[in-house]
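Here is a short briefing on one protein model.

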Amino acid sequence: MTILRYPDRNQWTDICRRPQLDMSQLNNTVTTVLNDIRTRGDAAVREYEQRFDHVSLDSLAVSDKEIESARSMISQQLLDAITLAHDNIRRFHESQRFNGITVETCPGVECWQKSVPIERVGLYIPGGTAPLFSTVLMLATPALIAGCKEIVLCTPPAKDGSVNPAILVAAQVAGVNRIFKIGGVQAIGAMAYGTESVPKVFKIFGPGNQYVMAAKQQVSLHDTAIDMPAGPSEVCVIADGNANAQFVAADLLSQAEHGADSQVLFITNSETKLKEVTEEVDRQLQQLPRQEVAKKSLDNSCFVLVDNTDTAIQLSNVYAPEHLIIQTDNYEQLAEKVTNAGSVFLGKYACESAGDYASGTNHTLPTHGHAVAYSGVNLDSYCRKVTFQHLTQEGVQSIGKAVETMAKAESLDAHANAMTVRINSIKLG
């Protein structure tokens with residue numbers, strides 16, 4: 001990792017820069033696959049499953065029998081953990097229910113909003129070396145609470161055509177309606193366009209590799225909505241001189257092991273803590289099964305020494321991290337100054353892993369600096385707000401002249417007339 005001491009503010013842009021990849025060839029490949037799936041449906045999906053996931057499938061759908069047998073294939077301990085996590089996620093997201101109120105903006109004019117669920121949503125769950133069954137809980141639980149009628153899930157199968165049993169159990173616990181053995185770009189295309197087997201969805205959620213992210217962005221231009229733009233996972237940790245170096249190093253490495261293109265940013269106001277954490281990262285790294293991945297991630301990363309914790313939070317706000325961990329004595333005061341972050345973890349015991357799995361908050365978050373404008377997945381992600389208004393005769397008298405005047409000023413005479421005929425009707429009695 002790069003170590004910087006007391007950098008000038010004109011260096012902050014470089015500190016906050018994410019790894020950049022040439023996406024031109026990748027995007028061309030994604031476009032070709034998506035167009036093929038749009039044209040040929042299931043047949044194209046099966047061919048790409050054979051090519052990319054190395055599996056030949058008779059059926060793209062997961063059968064009821066496979067779902068039922070999944071519970072016997074995981075330990076009771078894991079089932080209990082999934083159940084606990086689901087309960088906490090459900091409890092937190094239920095607290096986000098929208099309660100609209102009717103507002104009389106002026107006499108005779110009433111306006112209100114109604115929250116309406118998206119009828120059909122698609123969830124993408126990565127498989128492979130890290131089958132993210134926790135993401136099933138994070139995405140399906142709020143979808144069910146919101147009232148989505150159909151929750152479709154796609155996840156890549158193993159070479160024998162099976163789906164990780166923990167993914168199937170989590171899907172059953174969280175209320176997924178239909179599950180398909182489809183991975184990568186072909187999964188995004190199938191959900192965006194619909195095939196003979198896979199229904200077209202109205203919004204796609206979920207993380208994935210660069211190909212999946214590119215596919216989501218492409219289909220979002222014309223065909224279906226997506227949760228958010230996203231890139232590789234990242235964390236920023238702010239620590240003072242009293243922070244636990246072992247905890248800090250563990251938090252940094254828990255993010256670094258996500259992928260070679262992940263990134264961590266460590267900011268401290270203590271030279272001693274900078275040295276302790278650097279040494280502890282090196283020590284813990286040697287014990288990680290995914291240490292080669294974490295090493296590459298650390299090459300993209302930066303450890304920064306600053307004057308004080310206020311400067312640390314300012315730098316973090318410029319970075320706009322997906323995850324922000326504040327392990328300082330004054331974490332409550334610093335929390336008030338956070339403006340740009342996906343999810344924030346306060347105090348020495350709030351590790352990012354808690355939010356990733358079981359605290360109840362959602363772990364599907366904006367990355368790559370998108371936290372300056374995007375929220376993480378929440379109950380509203382699965383809803384639309386429909387506005388209503390009702391006018392009485394008194395309402396027409398309250399705003400009619402203003403509507404006529406404004407419409408005519410914009411040279412939209414038909415707009416003005418729609419109000420004029422009502423005004424005249426009331427005058428005629």
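Two strands count as paired if DSSP finds at least two bridges between them. By that rule, strands S5 and S6 (residues 178–181) pair in the parallel sense, over four bridges. The model is predicted. Five strands form an open sheet here, and the pairing is parallel.

**Sheet layout**
- The strand order is S6-S5-S4-S7-S8.
- S6 and S8 (225–226) are the edge strands, and each of them pairs on one side only.
- S4 (residues 120–124) pairs with S5 in the parallel sense, over five bridges.
- S4 also pairs with S7 (residues 203–205), again in the parallel sense, over three bridges.

**Strand S5**
- Is S5 enclosed by the rest of the structure or exposed? Six of the six residues of S5 (residues 150–155) are buried, so the strand is largely enclosed by the rest of the structure.
- Buried here means under 20% relative accessible area.
- Both faces of S5 are covered.
- One side carries Glu150, Val152 and Cys154, and these are buried.
- Val152 in S5 stands opposite Gly122.
- In S6, the bridge partner of Val152 is Arg178.
- From S5 the chain crosses through helix H7 (residues 165–174) to S6. This β-α-β crossover is right-handed.

**Helix H9 on the sheet**
- Helix H9 (residues 210–219) lies across S4, S7 and S8.
- H9 runs at about 165° to S7.

**Helix H2 against H9**
- Two packed helices are described by the angle between their axes and the distance between the axes.
- How do the axes of H2 (residues 24–40) and H9 cross, and within what distance do they come? They come within 9 Å and cross at roughly 65°.
- H2 passes H9 in a right-handed crossing.
- From H2, the residues in contact are Leu26, Asn27, Thr29, Val30, Thr31 and Leu34.
- From H9, they meet Gln210, Tyr211, Ala214, Ala215, Gln218 and Val219.
- The residues of this contact divide into seven nonpolar, five polar and no charged.

**To recap**
- S5 pairs with S4 over five bridges and with S6 over four.
- H9 lies across S4, S7 and S8, and H2 passes H9 in a right-handed crossing.

Conventions
Residues are numbered from 1 along each chain as its sequence is written. This is a predicted model: local features need pLDDT of at least 70, side-chain atom pairs count only at pLDDT 80 or more; totals for chains, interfaces and linings use all residues. Side-chain values use heavy atoms; hydrogens and water are left out. Buried means under 20% relative accessible area, exposed over 50%, partly exposed in between (1.4 Å probe, protein chains only). Helices (H or I, at least four residues) and strands (E, at least two) are DSSP runs, numbered from the N terminus. A crossover is right-handed if, with the strands pointing away from the viewer, the path from the first strand over the helix to the second runs clockwise. Contact means heavy atoms within 4.5 Å. Axes are lines fitted to C-alpha atoms, for helices over the stretch in contact, and angles run from 0 to 180 degrees between N-to-C directions. A crossing is left-handed if the near helix is turned anticlockwise from the far one by less than a right angle, and right-handed if clockwise. Ala, Val, Leu, Ile, Met, Phe, Trp, Tyr, Cys and Pro count as nonpolar, Asp, Glu, Lys and Arg as charged, and the others, Gly among them, as polar.
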